Amino acid sequence: MKENIVKKSLLKPNKKFTLLSAFITLLNDRLSESILLPILPSFVLLFDSKASTYGLLSCTYQLAQFTASPFIGLMSDRYGRRPVTLFCITGSVIGISILSFTVLFNWSNSIASIPLFLLFLARLIDGLSGGTAATATTILADISSPEKRAKTFGLIGVAFGLSFFLGNIFVVIFAKNTNNNFIIPVLIASIIPIINFLLVFFYLPETKPNSALNKSKTFFTNPLKELFTVFKEEKIKKLSLAFFIYFIAFTGLTNILIFFLQESLNWTTKASSGTLVVVGIIAIIVQGGLIGPLVKQFGEMRLTLMGSGFILVACTLLITAPKENAAINIYSAVSFLAVGAGLITPTLRALISKKLDVDKQGSILSNLQGLQSLGGVLGIAMAGRVYDSFGPKSPFIAGSVILIFMIYLIAEGKSNNSFNNQKSKAF
């Protein structure tokens, strides 16, 4: 039966539609996050003033995604990308629908625990079905040659940037000073998963090679065990560790930044959303148009190290930002942060992917998604803890230290694996 599922789809393969389906899937995965990031504190404050509640809600999605990603990766290697993608998008539709209902409903005469429970349930369901990003990444790996993989993975950054841009534009335009001030952005976000499902259902062929069929009978797996397997892969263990700690630093920085702007610098939700619009625009430009020529010119390894330097500059600008009139520092910092992330994310993934056999692409890339999610959970938790314990600017100092360690690991990987002259030869 599984051979039949992985065999050629009845859909006629069309690379443009395949790329579009993967791109919309990535956009769907990120859009709800980009809308929630600046307004999640407002959601929680309607029902609970505790910072710990906000922190737990922030971590729920990524913790659930971390738990589910290895299993989803195994299923995509066993049954194929298309059915797993459809299953994951269905979960996203359910999760966003619950979130929309929670925002739309008038809870004024209700027990506060009910809407909070629904918020947690929505994030949990969306996270458990968060294999959309991992499976879409695997689809991109399936249809691209190794030398073009970094350029193709740039679509991940374009989706990331576009979702940041659209999500925060929606907040800036539609946010108002009422209890239902975020209805329209969330309703728009609710339509995206439905469009995503229809596009994948009608236009996405199966991309998994028949020769790469995974015969494993394993259905359930310990996510930590799977991650340890990644670190046991000699060719990629240092790069995988660098990938992991990068997302500890990056996710911690981006999540605490909004809280820092609103709590420490007294910026409004709209003003803080404006910084994320800048991040989105720059991410689209870098990963959508520049990453291919840049990889051809400099190679993945050099771009990864350059991106790390840009983020370190961003941290320095945030550390030195004055209490008043900080706009120049903040907007310069988020610009450097976006350029750095735009360079690191596709190139580091490509460095790892190019070292993998075809039959391990799904499981390893899904495990990387799990590492990203776990890194996000730890990053958010650590940044909040450091913020409370050592002051508003301390997370940016901690992030800098983590990034320096990441650079060390990448440099070690370069030395040990002879990456010195690694460049892509054709785009």
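Guide: Let's start with helix H8, which gives the most to the nonpolar patch, with five residues. Before going on, a word on the basis: this is a predicted model, where local features need pLDDT of at least 70 and side-chain atom pairs count only at pLDDT 80 or more, while totals for chains, interfaces and linings use all residues. Residues are numbered from 1 along each chain as its sequence is written, and side-chain values use heavy atoms, with hydrogens and water left out.

The patch itself is made up of Phe17, Leu20, Ile194, Leu198, Phe201, Phe202 and Tyr203, with about 650 Å² of accessible area together. Helix H2 (15-45) and helix H8 (183-203) are the elements that give two or more residues to it. Patch members need over 30% relative accessible area and no salt bridge; nonpolar side chains (Val, Leu, Ile, Met, Phe, Trp, Tyr) are joined within 5 Å, like charges within 9 Å. Areas here are Shrake-Rupley values with a 1.4 Å probe, and for residues only the protein chains shown count as cover. Helices are DSSP runs (H or I, at least four residues) and strands are E runs of at least two, numbered from the N terminus.

Take Tyr203, which sits in H8. Tyr203 has a relative accessible area of 40%, so it counts as partly exposed (buried is under 20%, exposed over 50%, partly exposed in between).

For a contrast, go to helix H5 (residues 113-128), where Arg123 and Asp126 are three residues apart and so about one helical turn from each other. Their side chains meet in a salt bridge at 3.7 Å, N to O; the cut-off is a Lys or Arg side-chain nitrogen within 4 Å of an Asp or Glu carboxyl oxygen. Arg123 is buried at 6% relative accessible area, and Asp126 is buried too, at 5%.

Ile258, Leu261 and Gln262 in H10 meet Thr269, Ser272, Thr275 and Leu276 in H11, contact being heavy atoms within 4.5 Å.

Stepping back, the protein chain has 15 helices and zero strands, and buried residues make up 57% of its 427 residues.

How values were computed: Buried < 20%, exposed > 50% of the residue type's maximum accessible area, 1.4 Å probe, protein only.
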